[in-house]
Amino acid sequence: MSRWQDQWRMVSRQTPRRLWNHVQVQTSYYWSKWTGKPFHWGLPTAISIEPTTACNLGCPECPSGLRQFTRRTGSLKQDFFRKVIDELAPTLSYLTFYFQGEPYINPHFLKMVKYASDKGIYTATSTNGHFLNSAKAKETVESGLDRLIISVDGTTQETYSAYRINGSLDKVIQGTKNILHWKKELKSATPHVIFQFLVVRPNEHQIPEIQRLADDIGVDELKLKTAQIYDYHQGSDLIPKQEKYSRYQKLQNGTYSIKNEMTNHCWKMWNSCVITWDGLVVPCCFDKDATHQLGDLKKQNFKTMWQSPAYQNFRAAVLKSRSEIEICRNCTEGTKVWA
């Protein structure tokens with residue numbers, strides 16, 4: 001039932017102007033696919049904004065955890081965030097507070113969530129769950145956050161820390177319980193709490209156990225997510241043996257390829273974008289090091305950037321030959337498996 005309640009909350013946030021923007025975005029996308037030329041008559045219905053690039057863990061397939069960025073490390077400032085949201089709020093339906101890093105490291109993160117929530121925008125974030133003490137859990141519930149994704153990639157400390165290096169499973173479980181406690185205490189329907197289980201070879205045998213753990217704790221939903229592997233061609237110790245949980249398939253010559261077909265269009269280029277903590281706009285979450293910078297919101301407003309020659313040229317490149325764009329070659333748009 002709670003899944004449907006979560007979906008209803010998304011729908012209930014719509015206004016006539018936001019619905020009209022949805023129509024404009026979809027019309028632009030399908031017209032562009034049909035003509036092979038980029039057109040855009042609306043603004044994004046969803047964006048991701050990065051609270052920080054800092055992280056307390058060292059996950060092996062994460063540039064933030066491995067400290068491998070070439071871009072600067074820092075945290076999103078409240079005044080800049082409010083400026084962007086004030087411009088986009090009339091047409092924006094969905095706001096994700098996540099790109100790289102651990103959102104709760106930004107001390108003003110939940111104040112920004114509340115600011116967006118008060119404007120009627122559906123808000124979501126993803127966390128490794130290590131900062132959800134009782135006080136922070138209470139503040140999270142009070143912020144109006146709609147969706148909280150908590151990464152739980154193992155049911156024992158040994159398995160969990162094989163990927164979540166430097167992490168504590170007990171701390172994550174207790175943090176989740178703190179959130180659920182304050183939801184009940186404050187009689188709040190939000191946030192919708194999701195356990196996200198990144199399926200890799202060291203933990204794939206624990207899928208039945210994570211399902212039981214999710215039920216026992218009482219989270220609203222469990223999602224099994226396939227893992228993105230950067231250097232997958234020769235295989236990896238992280239690729240699951242169960243093919244349904246892998247983004248990659250083994251070929252007859254022993255190498256691996258990505259499963260999905262590389263088509264010359266992408267909904268995300270019309271519907272959404274990612275804003276880094278320091279105001280750079282990049283096409284999507286696969287551009288983790290911000291190599292394709294399509295604008296700088298410290299120097300221009302969002303609408304000007306969204307319709308700029310740089311953005312239209314990138315959309316044109318996607319329509320022409322997506323396989324020539326490096327960040328697209330390992331893209332599955334974050335494949336998840338429903339549990």
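**Exercise 1. Strand β2**

Task: Which residues of strand β2 (residues 94-97) lie on one side and which on the other, and are they buried or exposed?

Solution. Begin with how strands are assigned: helices (H or I, at least four residues) and strands (E, at least two) are DSSP runs, numbered from the N terminus. In a regular strand the side chains alternate between the two faces of the sheet. In β2, Y94 and T96 are on one side, and L95 and F97 on the other. Next, apply the cut-offs: buried means under 20% relative accessible area, exposed over 50%, and partly exposed in between, with a 1.4 Å probe and protein chains only. Y94, T96, L95 and F97 are all buried, and both faces of β2 are covered.

The model is predicted: local features need pLDDT of at least 70 and side-chain atom pairs count only at pLDDT 80 or more, while totals for chains, interfaces and linings use all residues. Residues are numbered from 1 along each chain as its sequence is written, and side-chain values use heavy atoms, with hydrogens and water left out.

**Exercise 2. Neighbours of β2**

Task: In which sense do β1 and β2 pair, and in which sense do β2 and β3 pair?

Solution. Two strands pair if DSSP finds at least two bridges between them. β1 and β2 have four bridges and are parallel; S48 stands opposite T96 in β2. β2 and β3 are also joined by four bridges in the parallel sense, with F97 opposite T125 in β3. From β2 the chain passes through α4 to β3, a right-handed β-α-β crossover. Right-handed means that, with the strands pointing away from the viewer, the path from the first strand over the helix to the second runs clockwise.

**Exercise 3. Salt bridges**

Task: How many salt bridges does the whole structure hold? What parts of the chain do R164 and D153 tie together?

Solution. A salt bridge is a side-chain nitrogen of Lys or Arg within 4 Å of a carboxyl oxygen of Asp or Glu. The search finds 14 of them. One of these joins D86 and K119, at 3.4 Å from N to O. This pair links distant parts of the chain, 33 residues apart: D86 is in helix α3 (residues 78-88), and K119 is in the loop between α4 (109-118) and β3 (122-127). D86 is partly exposed at 40%, and K119 is partly exposed at 34%.

K138 and E142 form another bridge, with closest N and O atoms 2.7 Å apart. These two residues are four apart in helix α5 (residues 134-143), so about one helical turn separates them.

In the bridge of R164 and D153, the closest N and O atoms are 2.6 Å apart. R164 lies in the loop between α6 (157-163) and α7 (169-185), and D153 in the loop between β4 (147-151) and α6, so the bridge ties together parts 11 residues apart in sequence. Both R164 and D153 are buried. Elsewhere, salt bridges that share partners join D6, R9, R13, D146 and R147 into one network.

**Exercise 4. Cysteines**

Task: How many disulfides does the structure hold?

Solution. A disulfide is a covalent bond between the sulfur atoms of two cysteines. The criterion is a pair of cysteine sulfur atoms within 2.5 Å. The structure holds zero disulfides. For C284, the nearest cysteine sulfur is that of C285, 5.3 Å away. C284 is buried, at 11% relative accessibility. C266 is buried at 8%.
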